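Subject: Structure handover

Hello,

Here is the structure I promised. My notes on the contents follow directly below.

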Amino acid sequence: MRTRIPAKKESAVLLPPHARTHTHMPLLHPSLPPHRLLVVRQCRLIAPPVHPPSRLSVRAAAAAPVAHEVCALPFPPDRASHHRELAAAVASVERACRLCVDVRASMLVGDEKILEKNDQTHVTIADFGVQALISFELQQLFPSIPLVAEEDSAFIRSSNAADSKSNTLVESISSFFTKHVNNNGPPLTHDDVLRAIDRGGKDAVSFDSNPATYWLLDPIDGTKGFLKGEDSLYVVGLALVVDGKLAVGVMGCPNLAETTVGDTEDESIAACPGHGILMVSHVGCGTWSRPMSAEISQLTTAPDVWKRCSVDPCSVAQMARFCIVDSHTWDMMPLSAHFSSTMDESEPRDENKILLQNSCGGSLSKYLLVACGRMSVFILLARAEKLLKAWDHAVGVICVEEAGGQTCDWSGKPLDFGADLTGHRIIYPSGGVLATNGALHDKLVEMVSANYKNSNVE
């Protein structure tokens with residue numbers, strides 16, 4: 001049973017100032033061992049029991065306040081209508097990134113327990129733990145805003161999973177969740193954690209045709225990169241859509257050094273162990289980044305640690321840096337009709353050759369690199385056999401655009417995050433996705449659009 005959420009023509013819920021002095025949220029007992037588990041998502045899902053999102057009023061939420069530290073942002077509340085939502089998102093994403101780092105470290109020690117199913121798409125306990133953590137924390141603060149996210153607990157609850165493996169998986173998720181979630185009240189059960197995961201699942205909410213307000217979460221974009229280790233980037237991505245428009249975005253990349261963001265002298269885009277950055281964006285306020293805090297107690301930071309992000313100014317294609325996802329090759333792109341490519345930066349390039357740089361990771365890491373000026377162009381082919389998910393693009397789009405770049409599909413139209421009318425989970429770009437530094441945008445759209453149309457005619 002789905003809960004239908006009629007969209008309202010109003011901004012996301014903001015609690016009154018007195019509701020910002022909070023007690024802490026419930027906490028699981030930290031008694032479970034951090035098992036190392038890699039799970040391959042089951043092809044056939046069994047629908048979990050669905051628990052409708054809370055419909056608490058602002059008054060009710062204020063009567064039962066919850067803990068929420070204030071994360072300093074690089075712009076004041078009077079300039080940002082969704083300042084409180086962004087501050088909460090930053091805190092949750094940073095905690096989620098720490099959870100990912102802990103899970104990754106645990107996978108390097110001792111025996112790994114691996115469950116393999118028919119589907120080749122990978123999902124880890126970090127994916128589940130991140131979704132549970134962010135879902136739980138956001139629901140405490142903004143109970144009327146639904147969540148659209150990648151995972152659900154169908155695999156965990158599935159009767160096809162052996163009981164011992166299923167129990168171990170739930171215990172592992174709960175253990176990491178307990179360590180990092182922001183709460184210290186009555187203990188939560190494993191079922192509470194599963195319900196938090198399911199709040200963002202595919203059967204949790206159904207929208208009507210009006211512009212909607214909701215969160216979009218990709219718990220880990222680039223799970224393959226997460227599994228590869230420190231040489232591949234992965235991103236926790238969270239966006240807020242308000243009345244059908246992107247309003248807020250936060251990306252956390254735990255293994256990208258902050259010095260590679262905005263430092264023009266360091267051209268490295270490699271992942272760096274022990275580092276990490278947060279990138280935030282608010283409509284009309286720009287895109288900013290800062291290093292991740294070393295300790296959880298340092299989450300409240302001064303605004304001057306933030307650095308304004310800007311796309312690179314390159315306006316000549318052969319001098320630009322292009323990137324594609326790992327599963328694609330350059331000859332799959334319509335621009336290959338105009339340019340050959342090289343991955344050797346020292347190789348001489350003329351007007352017919354571009355530099356293609358490989359930064360291992362998912363789509364969101366590519367958007368992040370364009371937004372901070374390390375890449376000039378990200379181009380993605382939309383394959384007929386693989387639907388593009390909204391959470392793989394939403395936060396990247398707002399970060400690139402607020403940094404001065406532009407995004408569109410291959411016909412030059414903006415990405416439509418409301419095209420999936422009832423679920424808001426899928427996007428249907430014509431041909432694919434193009435994200436640029438803006439200076440190259442019109443020229444590249446013309447090339448891409450012409451070659452894409454010609455290939456369809458042929």
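Helix H8 (residues 363–371) lies across strand S15 (321–323), strand S18 (377–381), S20 and S22. H8 runs at about 155 degrees to S18. Angles here run from 0 to 180 degrees between N-to-C directions, and axes are lines fitted to C-alpha atoms, for helices over the stretch in contact. Helices (H or I, at least four residues) and strands (E, at least two) are DSSP runs, numbered from the N terminus. Helix H9 (residues 394–402) packs on the sheet too, touching S20 and S22. The direction of H9 makes about 135 degrees with that of S20.

Some ground rules. This is a predicted model, where local features need pLDDT of at least 70 and side-chain atom pairs count only at pLDDT 80 or more, while totals for chains, interfaces and linings use all residues. Residues are numbered from 1 along each chain as its sequence is written, and side-chain values use heavy atoms, with hydrogens and water left out.

Now the sheet under those helices. Six strands form an open sheet with mixed pairing, in the order S16-S17-S15-S18-S22-S20. Two strands pair if DSSP finds at least two bridges between them. At the edges sit strand S16 (340–342) and strand S20 (406–409), each pairing on one side only. On average, neighbouring strands of this sheet are turned by 30 degrees against each other, direction ignored. S20 and strand S22 (residues 432–436) run antiparallel, joined by four bridges. In that pairing, Asp409 has Val433 of S22 as its bridge partner.

Back to H9. The buried residues of H9 are Ala394, Val395, Gly396, Val397, Ile398, Cys399 and Val400. Gly404 follows H9 and has a positive phi, near 105 degrees.

Met375 sits in the loop between H8 and S18. Met375 is buried, with a relative accessible area of 0%. Its C-alpha atom is separated by 9.6 Å from that of Leu356, 19 residues apart along the chain.

Strand S10 (residues 235–242) and S11 run antiparallel and are joined by seven bridges. Val241 has Leu246 of S11 as its bridge partner. S10 and S11 form a hairpin with two residues between them. In the turn, Asp243 has a positive phi of about 50 degrees. On to the next pairing: S11 and strand S12 (residues 277–282) pair in the antiparallel sense over six bridges. Here Val250 has Val280 of S12 as its bridge partner. Strand S11 (residues 245–253) has eight of its nine residues buried, so S11 is largely enclosed by the rest of the structure.

Next, a helix pair. The axes of helix H3 (residues 125–141) and helix H6 (residues 190–198) come within 8 Å and cross at roughly 85 degrees. That makes H3 roughly perpendicular to H6 (65 to 115 degrees; under 35 is roughly parallel, over 145 roughly antiparallel, the rest oblique). Phe128, Gln131, Ala132, Ser135 and Phe136 of H3 make the contact with Val193, Ala196 and Ile197 of H6. Contact means heavy atoms within 4.5 Å. These residues divide into six nonpolar, two polar and no charged (Ala, Val, Leu, Ile, Met, Phe, Trp, Tyr, Cys and Pro count as nonpolar, Asp, Glu, Lys and Arg as charged, the others, Gly among them, as polar).

How many aromatic pairs does the structure hold? Seven. Rings of Phe, Tyr and Trp (its six-membered ring) pair if their centres lie within 6.5 Å; planes under 30 degrees apart count as stacked, over 60 as edge-to-face and the rest as tilted. One of the pairs is Phe136 with Phe177: centres 6.0 Å apart, planes at 80 degrees, so edge-to-face. Phe136 in helix H3 and Phe177 in helix H5 (residues 163–180) are 41 residues apart. Phe136 is buried at 9% relative accessible area, and Phe177 is buried at 1%. Trp410 and Tyr452 are also edge-to-face, with centres 5.8 Å apart and planes at 80 degrees. Trp410 is in the loop between S20 and strand S21 (426–427), and Tyr452 is in helix H10 (residues 441–457). Trp410 counts as buried, at 3% relative accessibility.

Finally, the totals. The chain has 10 helices and 22 strands. Of its 458 residues, 58% count as buried.

Best wishes

Notes:
Buried < 20%, exposed > 50% of the residue type's maximum accessible area, 1.4 Å probe, protein only.
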